[in-house]
Amino acid sequence: MTRLQAGGGRNPADAEAVLAAFARTSGDVPAARRVARQFADLDEGERSALLWSEDAGARLVAVLLMVQAMREHPDPELTDEYLSAAKAERFDDTVLVDLGAEELVGAPLVGGSTGSLFALVKSDVAMVRRIALVATLAFVKQGDAEVPLAIAGRLVRERSDTVQSALGWVLRETGKRASEDALVAFLERQARFLSPAARATATEHLPAAERDRLRG
């Protein structure tokens, strides 16, 4: 088992117990959710140790623990630590973004300033730019197409699959949940910059004639 790499005074047995429990599972996201629920009362230091661990399973459970904690008691420090780990390039799997960005980064901004999201777009780290996109799903679920399309517009020319795959997903959800008309208008201007896979995902819910036209 990989030894946790984390600072501060802590009892490693608690964090190691999480890893031991996860090691007895299939190792997938549903299993990680079960372990996170089992260790919901893990203290902040132990959770931080998991987040900054070299062990991929530890990081996965840590993000799920942070989401659980944010749901129970919203805390900007959770957002800060999550983003710190991403900016330090601790996230090497997009699942850590896709499971955490909406609730840890996006949801706290709904109804307030979105300046911090636009700052994330400028990051040199692709996972952080993906966070900026996936976080906008919190706005999409409130029927807001403006924020996700504004973020997407700043990233649409990027070639990395880390960002392009998120573009397709977020654009599709924007059209389905917020405004199909706004999505179509966006794609009429920007679809040529999307990768073929992202364009296919973004348009998959549209009527066939519209879909075919926008895929061009």
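In helix 11, the buried residues are Val163, Gln164, Ala166, Leu167, Gly168, Val170, Leu171, Arg172, Glu173, Thr174 and Gly175. They pack against helix 8 (126-135), helix 9 (137-140), helix 10 (146-155), helix 12 (180-190) and helix 13 (196-203). Helix 11 itself covers residues 161-177, 17 residues in total. Its span from first C-alpha to last is 24 Å, close to the 24 Å expected at 1.5 Å a residue.

The model is predicted. Mean pLDDT for the protein is 94, and 94% of the residues reach 70 or more. Residues 1-13 stay under 50 in pLDDT. The model has 28 contacts beyond four places in sequence for residues 1-13. Where pLDDT is low, predicted coordinates should not be read in detail.

A search of the whole structure returned one aromatic pair. The pair is formed by Tyr82 and Phe91 and is tilted. The ring centres are 5.2 Å apart, with 50° between the planes. Tyr82 and Phe91 are both buried. A charge also sits over a ring: Arg157 lies over the face of Phe193, 3.9 Å from the ring centre.

Backbone geometry was examined at Glu89. Most residues other than glycine have a negative phi. Glu89 is not a glycine, yet has a positive phi of about 60°. Glu89 is located in the loop between helix 5 (76-87) and helix 6 (94-106). Glu89 counts as exposed because its relative accessibility is 61%, where exposed means over 50%.

Note on methods
Residues numbered from 1 in each chain as written. Predicted model: local features only at pLDDT ≥ 70, side-chain atom pairs only at ≥ 80, totals over all residues. Heavy atoms only, no water. Helix = DSSP H or I, 4+ residues; strand = E, 2+ residues; numbered from the N terminus. Expected span 1.5 Å × (residues − 1). Buried < 20%, exposed > 50% of the residue type's maximum accessible area, 1.4 Å probe, protein only. Contact = heavy atoms within 4.5 Å. pLDDT = per-residue confidence, 0-100. Phe/Tyr/Trp six-rings, centres within 6.5 Å; stacked < 30°, edge-to-face > 60°. Lys NZ or Arg CZ within 6 Å of the ring centre and 35° of its normal.
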